[in-house]
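Hi everyone, thanks for making time.

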Amino acid sequence: MRTKSFSVLLLIVLISTVTRAQPERWQQRVKYKMNIDMDVVTNRFTGKQQLEYTNNSPDTLSKVYYHLYWNAFQPNSMMDVRSQELGKVLISNRPDWDGRVRDRIKNLKPDEIGYQKILSLTMNGVAQPFKVRETILEVKLTKPILPHSKVVFKMEFESQVPLQVRRSGRDNPNTGVRYSMSQWYPKLCEYDYEGWHPTPYVAREFYGVWGDFDVSITIDKNYTIGGSGYLQNPQAIGHGYENKNSPLNIPATPKLTWRFVAPEVHDFMWAADPEFRHIVRQVPDGPTIHVLYNYKENDVANDEAWTRVADAAVQVLPYMEKNFGKYPYKQYSFIHGGDGGMEYPMATLLSSSSLGTAFHEWMHTWYQMLMGTNESLYAWMDEGFTSYGESLVSEYYARLNGAKPSGENPHADAYKGYFMLVSSGREEPMTTHADHFESNFGYSIAAYSKGEIFLEQLGYIVGAKVRDQILLDYYKTWRFRHPNVNDFMQVAEKRSGMKLDWYREYWVNTTKTIDYGIDSLYEKDGATLIRLKRSGKMPMPLDVQITFKDGTKELHYIPMYLMFGEKPAEDDMMKRKVYDAWKWTHPTYDISTNRKLQEITKVEIDPSFRMADINKKDNILQLNW
């Protein structure tokens with residue numbers, strides 16, 4: 001009794017400590033309980049949903065909104081027309097549409113489209129009037145939801161699984177997987193400090209309310225399911241989930257009902273196929289790893305590739321937790337399905353066994369599944385931060401398995417992508433809504449590449465070790481919540497002791513570019529002076545390295561005025577000279593060394609190549625005396 005009492009007390013203390021560490025901003029709460037019955041012949045299912053909704057806001061709500069994502073997979077939908085219109089934009093003589101969507105939606109037959117039909121909806125037992133606006137259900141409440149109150153919605157609905165078009169669907173010929181069930185249920189839209197977010201499903205991205213899911217899925221018994229949550233009845237299911245030391249008790253019925261519970265998440269995904277092979281791995285003192293893939297008879301390479309995903313996950317998780325924060329759930333599933341890679345709580349859909357994609361989607365656990373930004377508004381905080389993590393995890397995995405270091409910045413591809421976007425003239429500010437970019441090309445590089453550079457370049461500004469601690473602070477402060485860019489910047493400023501709002505302003509809010517160069521060298525009063533110039537519109541602090549004939553080097557560091565601080569020395573072995581801050585209004589700046597001009601063999605701006613300078617030709621001056 002004493003031990004149990006102490007454990008309970010410790011848990012209470014830990015919870016209260018985490019609560020105190022979290023910011024005070026309110027957020028809504030949901031509790032879903034759903035029962036669905038799938039017909040694998042018609043590809044339709046019926047569903048019953050009970051949704052307990054807690055209004056933690058100070059506002060009175062007179063209406064609510066739901067997402068009906070699958071209504072996008074119908075001819076002439078917003079997704080259909082938008083894709084076709086983007087297909088008229090040519091980039092490198094290729095249509096700019098999403099290759100997975102193209103014009104496929106307009107050709108779907110009635111039994112191939114997707115839909116979510118609402119049959120009934122009540123709140124606290126009273127029927128509610130509603131209107132379907134394609135992928136958004138608008139509900140004008142008969143009685144408002146008062147601040148700090150709780151209501152229960154009950155809904156009956158019917159859905160048809162579309163042919164695989166984008167993320168969700170059935171019978172993708174590229175994977176052979178029957179059902180990829182993402183965005184599959186009527187999902188309540190998020191209401192936050194900015195108001196309602198009834199974002200129509202045009203292309204991307206997602207935003208959901210934190211809560212708990214209790215989902216029962218009835219399907220033909222030869223189908224294996226994988227997805228979010230913890231299976232509650234494994235001994236009545238089998239399919240590789242059972243405890244091998246306990247007897248199975250599988251009902252002698254044509255269908256089985258799988259019950260999953262997923263706590264503290266903002267979405268729920270599942271996939272099902274009669275040919276799924278199930279691999280299980282256990283991370284020591286960590287989660288269970290499930291890998292489910294479409295088995296191909298006598299295809300040893302396919303088996304080995306998916307086994308490698310399972311084994312790699314066990315290998316890299318300790319590195320991920322050390323650098324980005326503890327994985328908080330008891331399981332994670334890598335599931336063959338979808339049409340590329342797409343992240344969900346506790347699970348991902350993968351169209352192939354690519355390790356890079358697997359690492360990317362798992363990193364989304366941190367950047368979107370735990371720090372749940374509004375992806376439509378902050379896609380770069382979702383995709384970019386994830387891509388940053390993916391690059392490091394991939395490099396770690398390669399080293400762990402005997403690969404020799406390449407010597408190249410692990411984020412080099414992101415820089416190449418960004419430079420290509422700048423030269424194309426199609427760059428738009430990262431503040432652009434994800435669906436409103438003028439090209440898929442511009443969106444992709446802004447969200448993935450420029451977002452990845454944001455973190456690597458932040459390490460250049462504040463120091464890599466400080467940046468790494470910022471990411472851990474961000475996790476501790478904002479996990480299980482909805483941070484925005486200002487929340488992240490506040491964490492970064494607190495940890496670094498610098499002002500960083502200028503970095504957000506220039507890199508995120510504008511398309512202004514960085515361009516520094518070496519202007520001239522000359523001797524004066526026994527010293528060598530080096531004049532630096534700023535040609536770009538975005539100011540930055542500078543590292544300048546001077547190399548001498550005798551092989552020695554000096555690092556000259558110039559803070560940027562708006563930082564009101566300086567980064568700590570990153571290389572204790574190299575002499576560093578720190579200057580007064582360079583004011584962004586001034587186009588040139590002089591640095592100096594006591595060594596003679598003819599002793600210098602090279603001057604280099606940003607020798608670490610972390611600054612996204614669009615013209616590096618004038619960043620290096622090689623002197624061949």
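Let's begin just after helix H8, where glycine 463 has a positive phi of about 100°. A word on the source: this is a predicted model, with local features needing pLDDT of at least 70 and side-chain atom pairs counting only at pLDDT 80 or more, while totals for chains, interfaces and linings use all residues. Residues are numbered from 1 along each chain as its sequence is written, and side-chain values use heavy atoms, with hydrogens and water left out.

Helices here are DSSP runs of H or I, at least four residues, and strands are runs of E, at least two, numbered from the N terminus. H8 covers residues 440-462. How far does H8 reach from its first C-alpha to its last? The span is 32 Å, close to the 33 Å expected, taking 1.5 Å times one less than the number of residues. H8 also bends by about 30° at alanine 446, the angle between axes fitted to the seven residues ending there and the seven starting there. Since 21 of its 23 residues are buried, H8 is largely enclosed by the rest of the structure; buried means under 20% relative accessible area with a 1.4 Å probe, protein chains only.

Now the sheet. Five strands form an open, mixed sheet in the order S21-S22-S23-S25-S24, where pairing takes at least two DSSP bridges between two strands. The edges are S21 (276-282) and S24 (341-344), each pairing on one side only. Inside, S23 and S25 run parallel, joined by 4 bridges; in one of these strands, S25, threonine 348 is the bridge partner of phenylalanine 334.

Terms used:
Buried means under 20% relative accessible area, exposed over 50%, partly exposed in between (1.4 Å probe, protein chains only).
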